[in-house]
Amino acid sequence: MSDVMTKPRPVTNGGHPVSLKHARLPRWTPPVLALAAAAAGSGIGIVGGLDSKIQWGLIAALVFILGTFALAAAVEGSRQAKDRMATTLVWIAFLLAVIPLASLLWETIARGIKVLDGYFLSHSMGTLPDAMPGGGIYHAIIGTLEQVGLATLIAAPIGLLTAIYLVEYGRGRLAKAVTFFVDVMTGIPSIVAGLFILSVWILILGFGPSGFAGSMALAILMMPVVVRSTEEMLKLVPNELREASLALGVPKWRTILKVVLPTSIGGITTGVMLAIARIAGETAPVLLLVWGAKTINNNPFEGAQQSLPLYVFQQWQIGTDAAYDRAWAAALVLIAFVMILNLVARGIARWKAPRTGR
Amino acid sequence: MAKRIDVSGLSAYYGNHKAIDDISMTVEPRSVTAFIGPSGCGKSTFLRTLNRMHEVTPGGHVEGKVMLDDENLYGSGVDPVAVRRTVGMVFQRPNPFPTMSIFDNVAAGLRLNGSYKKSELKDIVEKSLKGANLWNEVKDRLNKPGSGLSGGQQQRLCIARAIAVEPQVLLMDEPCSALDPISTLAIEDLIGELKERFTIVIVTHNMQQAARVSDRTAFFNLAAVGQPGKLIEIDETERIFSNPSVQATEDYISGRFG
């Protein structure tokens, strides 16, 4: 503030700039500066004998920020310099966020692609000794699809109806209590959900391990996510549409069914898909309740099953090279499954979004 | 077809707050009655009590009687859904259903209330769109979304939707406030035609509009902010605008308000 006051700009005339133009750095400045900063970072790193590449990166980033600020301050003025520094910081934050994601993807693809083929996808481990190469994840894919499917069948309707109650009908204490418990449920660790079903279903009621037991624990984890996202989507439906429908003499339940839900169905589907993606990667409840298996079990209601995250975990524990390869390939399949779900969700959201018709 | 509305001693509340106080008036069948008055004086609230939309707002409740011919809308055992089928409503902002086509929007009230044959629906939709002076503009694109129309067309679509269920009374809550003068003119012409068949009540902030379209005008006012709104007087529109019997009405109409 003070330097603006003490350095009156020669270009001003009664407080107004004479010209609207001012000196600008050329468009190629940021990339060139970035290259120079990278070079400076590596140079200082080599000369200073720094081992860590992270230190090199930090030095380069610091040089880039300070260089941009100094250059912009000299050529363009202090406001533009601040603007450029903010832009730089935003970009660095973005890169920091993207680097783990990109490196995770890269690592999984590079290591997982080795044993991933038709045979791997269509065969189970069977009687193959753990240390031997070969085997596959068919039994784990079947298990994951069945467990996640059952969990969705349980959690989606309950979650949807709860959200409709909260938004359309819920008044007073009951609604507040439901909201509170949904919030609490959102924070339940997956292992606790697993232990709860373990104690009720297996220890008290005496059932054995099964895919369905796992589904129940997954449903507990999924329900609050569905409630929350559906609630937000229903709240986005303008009240005017509800009133328009009510004023036509349409009963409230039909208004919800025919006007409110169709208007928000895209967002609701996206929310359910994201909830599915969240539970598809859960290991702990599956470990406790489904136990894992090496052979194909198509019946989710009877006997131990396998699932993709649990398969990854178990192969990793075996610890041989062949098992590591299988673990990475299974992880790649799991990531692909979640990504496809996300893409499908986006597709549905776009397809079902209310059209403007212009 | 059209019915007379007889209101006596009607007060409406939002929770504990009294929004309108002790209103009594008669709305003649096959006529246009306009409600004018400053913002917050309860015109819209009163309008919404006439088809039991007021109680849709959380905390909204009503005391008093609204007789539709010889039936009390607030009598025990009266189904608000049935009331709303008899007394239709058009809102301030055009609100076509965004997921539905133009055809489906007009057919919505019928389709959501029961099953109709496709040919039957077609006839009713055409008749309603013609009744709303929109048929010629949209007859070639009935399957396009209703939200693609211009604001004025959307509002006429909402009017078509409201008259498709053949109500006895049509309530309009500032139907032209979001529209340009040409669309406003189209809707005012339409109101003139619709009053042959329906009892129409219109809330408006536009005094010229009230003078142009209505047969009778009611002036609402409130003593102070936070006080309930009251009906000051209701009379022939010509009398209200030339020689009202209450000084406050004259002040409001001539702009010497407050």
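Modeller: The term needed at the outset is pLDDT, the predictor's confidence in each residue, from 0 to 100. This is a predicted model.

Colleague: Which helix of chain A has the lowest mean pLDDT among the elements of that chain?

Modeller: Chain A as a whole has a mean pLDDT of 89, with 94% of its residues at 70 or more. Among its elements, helix α6 (residues 138–169) of chain A has the highest mean, 96. Residues 1–6 of chain A are below 50, and beyond near neighbours in sequence this stretch has one contact in the model. The lowest mean, 46, belongs to helix α1 (residues 2–6) of chain A.

Colleague: What separation is found between the C-alpha atoms of Phe181(A) and Pro224(A)?

Modeller: Phe181(A) belongs to helix α7 (residues 172–186) of chain A. Phe181(A) has 13 C-beta neighbours inside 10 Å, so it counts as partly exposed. Phe181(A) and Pro224(A) are 43 residues apart along the chain, and their C-alpha atoms are separated by 8.8 Å.

Colleague: Which element gives the largest share of the side of chain A that touches chain B?

Modeller: The contact draws 21 residues from chain A and 27 residues from chain B. On the chain A side, two or more residues come from each of α10 (239–247) and α11 (252–280) of chain A. By class, that side has ten nonpolar, four polar and seven charged residues. The largest share, six residues, is from α10(A).

Colleague: How does the radius of gyration of chain B stand against the globule rule?

Modeller: Chain B contains ten helices and ten strands. The globule rule gives 18 Å for 258 residues, and chain B is close to this value, so it is as compact as a globular protein of that length; its radius of gyration is 18 Å.

Colleague: What percentage of the residues in chain B is buried?

Modeller: The C-alpha atoms of chain B fill a box of roughly 55 × 45 × 30 Å along the principal axes. Of the contacts in chain B with a separation of 6 or more, 69% join residues 24 or more positions apart. Buried residues make up, of the 258 in chain B, 47%.

Colleague: How far apart are the C-alpha centres of the two domains, domain 1 and domain 2, of chain B?

Modeller: Domain 1 of chain B covers 1–25 + 59–84, and domain 2 covers 97–182. Their C-alpha centres are separated by 27 Å.

Colleague: Is Arg52(B) buried or exposed?

Modeller: Arg52(B) lies in the loop between α1 (43–49) and β4 (60–68) of chain B, and its phi is positive, near 60°. A residue counts as buried if 20 or more other C-beta atoms lie within 10 Å of its own. Arg52(B) has 23 within that distance, so it is buried.

Colleague: What is the phi of Asp22(B)?

Modeller: Asp22(B) is in strand β2 (residues 17–27) of chain B. With 14 C-beta neighbours inside 10 Å, Asp22(B) counts as partly exposed. Most residues other than glycine have a negative phi. The phi of Asp22(B) is positive, near 50°.

Terms used
Residues are numbered from 1 along each chain as its sequence is written. Chains are lettered from A and ligands numbered from 1 in the order in which they are written. This is a predicted model: local features need pLDDT of at least 70, side-chain atom pairs count only at pLDDT 80 or more; totals for chains, interfaces and linings use all residues. Two residues are in contact if their C-beta atoms, placed from the backbone, lie within 7 Å. Helices (H or I, at least four residues) and strands (E, at least two) are DSSP runs, numbered from the N terminus. Ala, Val, Leu, Ile, Met, Phe, Trp, Tyr, Cys and Pro count as nonpolar, Asp, Glu, Lys and Arg as charged, and the others, Gly among them, as polar. Domain bounds come from an automatic or database domain assignment. The radius of gyration is taken over C-alpha atoms; the globule rule is 2.2 Å times the number of residues to the power 0.38. A residue is buried if 20 or more other C-beta atoms lie within 10 Å of its own, exposed if 12 or fewer, and partly exposed in between; C-beta atoms are placed from the backbone.
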